[in-house]
Amino acid sequence: MFSRLYIHIPFCLEKCGYCAFVSCKPLKGELENYHTLLLKEMQLASGNYQPAEPLDSIYFGGGTPSLLLPEQVAQIIAVASKQFSLSPAVEITLEANPGTVDEGRLRAFRTAGVNRLSLGIQTFDGNLLRCLGRVHDAAQARQAFRDARRAGFDNIGLDLIHGLPGQSLSQWHSDLREAIRLAPEHISVYGLTVEEGTPFSLRYPEESPDIPDDDQSAEMFEAADSVLPTAGYEHYEIANYARNGHRSRHNSGYWRRDGYLGVGVAAHSFLRKGYGFRFSNYETVEEYRAALAGGCLPHQDQNDLSLEDAMAEFMFLGLRLFDGISSDEFEREFDLPLRSVYGSVIDELTRIALLQCDQGVLRLTRRGLLLSNQVFARFLP
Amino acid sequence: MDISRIRNFSIIAHIDHGKSTLADRLLEYTGTVTDRESKNQFLDKMDLERERGITIKAQTVRLNYRADDGNDYVLNLIDTPGHVDFTYEVSRSLAACEGGLLVVDASQGVEAQTLANVYLALDINLEVFPVLNKIDLPAADPDRVIQEIEEIIGIDAHDAVRASAKEGIGTKEILEEIVRKIPPPEGDSTAPLKALLFDSWYDQYQGVIILVRIFDGTLKRGDKIQLMATNSSFEALKVGVFAPVMREVQELTAGEVGFVIAGIKDVADAKVGDTVTLLHRQCLVPLDGFKEVQPMVFSGLYPIDTVQYEQLRDALAKLKLNDSSFSYEPETSLALGFGFRCGFLGLLHMEIIQERLEREFDLDLITTAPTVVYRVHKMNGEVFSIQSANQMPELQSTEYLEEPFILAHIHVPNDYVGGVLALCEDKRGVQREIKYLTQTRVMIIYELPLNEIVLDFYDRLKSITKGYASLDYEHLEYRRSDLVRMNVMINGEVVDALSLILHREKAYFRGRDLVSKMKELISRQMFEVAIQAAIGNKIIARETVKAMRKDVLAKCYGGDISRKRKLLEKQKEGKKRMKNVGNVELPQEAFLAILKVD
C-alpha cells in the first residue's frame, strides 16, 4: 500500500509572511506532547495499513522539523522501523531551518539516522530574508550548510525561492552562484506565490509592482534552468535539480504515485489500493490530539480515486518529472492505451509545442515547463 | 361610491428622494398596512427594485382616510416608474390622477428627472403641490429648496409640507393636503364605460392583470370589455382594488381606480394607454395619448455555455409575458453562436432585463455592446432599419445612413457646466440652450445622437459631475450622418459580435481606445494575440497581447496532491467562463469593452 512515510511537524519559531502551510509557534512542552502523539498515530496506523515493502524513505517536513530533539527523531525512526520495517538503503530526510541548528545538534540528527538534510535557505540576501520574515540571516544560512557538512551529511539539499519582492534578476543570479559555491547535492527552486490569507497577500495585492511580474519571474526560472545544469545539476523535475543521481527519492515518489503514509497534523496520505485513495489528517493540533486520545486515526477526509482521477493524476504528476511518461507504463497501469484516452489532448499540446513525444515517452518541452499548469489542466476529467 | 370623496394622486420624486418610504408611511398611517406587514417599501415589489431603490412596475393602492373635516375619503395612490426609459408609462400613470405630490429632498433640491415628471403632470393640468422630505437631515435647507421650486417649476411652495418620511414627520399634514388641494375626479357613472389602462402585468396564476382608471361609466364583474387600440374583447372575470392586497369589489365606477382580470393571456394585448370600454355599449371616442412604445436600444444576448440556449429562450419568453416593451428574436453570431437580438426602451431597461436573466434564471450571458436603430437609404431608393452592425449593407450600395437624435435636458450645479458642455460637444452634440434656473443650478439642453448616449454617456456624465447631474431625454428625429462600420479582428479574424457602427470622426479614437482596452481584458494566451480595429480593409489600430510565459505551481507541500488538483480545477473552471473565438479565450467583459473607452 505504501513505501514512504511522511512526518509533519507543524511548528515554527516564527511564521514567515508568505507561508500558507499549517504551522504555529509551539507552546512550552507542546513539542514533547506532539512527539508522543506521532508515535501513537504510527502505532494505530500500522494496525490498519502496512507497507508493501520495507520503507524506502522517511521525510520529516514542516513547519520546522529541526525543532525536534535528536532523541525524538531517533525514537520516531525506531518506531517506524518497528511498525513498518525499513529498507537497508532507506533515505531519511529532515527539513532544517538555519538558525535552529548548530553543528552539535546536526551531528546528533545524523547519529539518530537522518541521512539527508533539506535546508530552507530561500535566499542569501539579508534584506530579502528579513522581508520574508525568516529567522535567519545570510551568514547563518552559510554557517548552517558548513555545520551540516562537518556534522557528516553527504546529501544536502538547499531550497531557494525566486520572484521575491523587489528581487532583481542579478540578485537571483548571485543566489544561484552562492548556492553552487556551497556545492550541495540537491537544489530546489520555487517561484514565490502570494497565497490568499497570508500577510504577504495584504502587503502585496495582485499585480503589486513590488513582486516581479510573470516575465521577470519566467526569466529567473530560465536562469536557474541554464546556470544549474552547467554547474552539474540535472534538472529532473520542474522545481528540482540534483547532482550525481542525488534526486530526492521521497519527493520523486509523489510524482510517480508511490504510496505514502503521512503522519502528524495536516499530513496527507496516498495509499495504493484499487486506483488509490487519498486522505488527510486534521489541520489543528487540538482536533488531531482529540482523535488520537479517543483511539481513532485523525483522518478528516478520504477520497477514493476513480479510474479517471487516477489517469489524470498519472499524467499531471508524471509529467513533472523529465523522465516523462511512457505509454507502456500507462498501459500497464490502467490496461488502456495512452492514446485512446488522451490522444487528442496530446496532439493539441504537441502542436502548440508544450509536449514532445520521443520513442513512446512523453515529456514537457522547455516551453511546456514554464506553462505546465496549462498542460496539466487539460488532463483533468 | 361618492365621487366627491375620491382623490387620485401620484408621488413625483427623483430617485432616492424618498418616494417609496413616504408611500409606506401613508399606508401605515391610514391603517392600510400594519407596521409588521410593511416590509419596508411596500410599493416596490420586485427584489431588484428594492435593491436598486427604484420602481420598475407601477403599483397602485387604495387608502381609506377619515379627514379632519369628519368625512371618509378614498385616496388612490398611483405609483409611477422612476426612470427616463419609462417616460411613457409615467405619463399614463399621471393621466389616471387629478393631482400629484412633488416630493423634493430638502437637502438636494430639484433634479432633472423630477422636473421632467412635473412638467408631464403640469401639461395635463394636474394639481401639483410640493412636499419637502428629509427635513430631519442636518444638511436640509428648506428655504433654499422652496425658493428653487418656485423659481424653477413656478409653483407656489411657501406652505409646502415639511416632512421626514423616514421619521414619520408630516404624514398627516400630507394626507390633509391631498384631500384639500387635489380636486375630486369628474365623470358620469351612467355614461358608456371609458377607462384608461395605465398598467398591466402577467401573473402566472391569474393571467394578465390590468390597472384601470374609470373616467366614465361603470365596470362590473361579468362585463364584456373591449380594448379599443388593440381591438380585442374579453370578459371581466374579476374586478377589484388593491388595499393593499387584491380585494374584489362589486363594481368600479367613474373616478375609481382598480384592477381587472379578464383572461388576457398576453401583456401585448393589454397595452398601457389603451382605452377600456364595454363591447356592447362602447364610448364614442377613446382617451387621448395612446402610443405604441418601441424599443430604442438593442443588444445581443448569448449564453456563454451553448447548452443554455434553450433555457435562455424560455427565460426571454417568460420575461416578455410581463413586459411588452421588450422584444427579442433569434440571432446567430460566428463568434458567439446562437443567441438573441433584444430590444429595450433604454439602457436601464436593458440592464434590468439582463440582471433578471442572470439572477432569476441562473444564466451566464455575454452581452454585446448596445446599439440603436439606424436607417439605411440605399441607392435604389430602398429604406430600412438595422439594429446591429452586422446588418449594415455594402457601402457601394448605400446612399446614406441616418441615426436617431434625442433632446437631452441635463440639470447640473453651476460648477460642472464646463465639463458637461465639453462632454456634449465631444459626443457630437448640438447646443440648444443653457438656462440658469437659479444662481447655482443650470439646465443644459442639447441635441445628441442616441448612439453616443448608449455607449458611455451616463457614466461619463456621472463622473464629470461627481454624480450631481441628472439627465432626461426625449426622442427627436432621425438625421443623416457619416456612419461607418468598425470591425474588430482577433488574430486576423473578424469577431462579428464586436463590430459596431459609429461616426467616422470618432472611429479612429474609439478604435484605438477599444483595442487597448481589450488588450487589458484579454489575459495572456499560449500564443501572441493580435487585436486590430478596421474600417473596411483599413486597419486603424492594433495592439498585441504577448504570449503567456509562465504558469507553474509552486512547492508541493507534504504530498498534498489534492490541493494541486484543486488549483488546476479552478483554472479549468475559469476557462469555461471564457468564450473561445478562434483559438483565443475572450472574457465576457471583452464584449463590452467599447463601453469602457473614453
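Modeller: Let's begin with A:Asp347, which sits in helix H13 of chain A, the stretch covering residues 338-351. Keep in mind as we go that this is a predicted model. Is A:Asp347 buried, exposed or partly exposed? Its relative accessibility is 36%, so it counts as partly exposed. Its side chain has a partner too: a polar contact of 2.9 Å joins it to the side chain of A:Arg339.

Now to salt bridges. Side chains of opposite charge can pair when their charged atoms come close. Over all chains, the count comes to 58 salt bridges. One of them, in chain A, links A:Asp147 and A:Arg150, whose closest N and O atoms are 3.4 Å apart. Why are these two separated by about one helical turn? Because they are three residues apart in helix H5 (residues 138-150) of chain A.

B:Arg25 has a relative accessible area of 13%, which is under the 20% limit, so it is buried.

Further along chain B, the side chains of B:Glu477 and B:Arg479 meet in a salt bridge of 2.7 Å, N to O. Here B:Glu477 is partly exposed, with a relative accessible area of 40%. Salt bridges can also be joined up: B:Glu403, B:Lys427, B:Arg428, B:Glu452 and B:Arg510 are linked in a network of them.

Back in chain A, there is a patch of negative charge on the surface, where A:Glu196, A:Glu206, A:Glu207, A:Asp213 and A:Asp214 gather. Look at A:Asp213 in particular: it belongs to the loop between helix H7 (199-203) and helix H8 (214-230). Its relative accessible area is 40%, so A:Asp213 is partly exposed.

For a contrast, finish with B:Thr277 in strand E16 (residues 275-278) of chain B. This residue is buried, with a relative accessible area of 0%. The side chain of B:Thr277 reaches the backbone oxygen of B:Leu193 at 2.6 Å.

How values were computed: Residues numbered from 1 in each chain as written. Chains lettered and ligands numbered in written order. Predicted model: local features only at pLDDT ≥ 70, side-chain atom pairs only at ≥ 80, totals over all residues. Heavy atoms only, no water. Patch = residues over 30% accessible without salt bridge, like charges linked within 9 Å, V, L, I, M, F, W, Y side chains within 5 Å. Areas by Shrake-Rupley, 256 points an atom, 1.4 Å probe, with all protein chains shown as cover. Salt bridge = Lys/Arg side-chain N within 4 Å of Asp/Glu carboxyl O. Lys, Arg positive; Asp, Glu negative; His and termini not counted. Charge placed at Lys NZ, Arg CZ, Asp CG, Glu CD. Helix = DSSP H or I, 4+ residues; strand = E, 2+ residues; numbered from the N terminus. Buried < 20%, exposed > 50% of the residue type's maximum accessible area, 1.4 Å probe, protein only. Polar contact = N/O pair within 3.5 Å; in protein donor to acceptor, adjacent residues only side chain to side chain.
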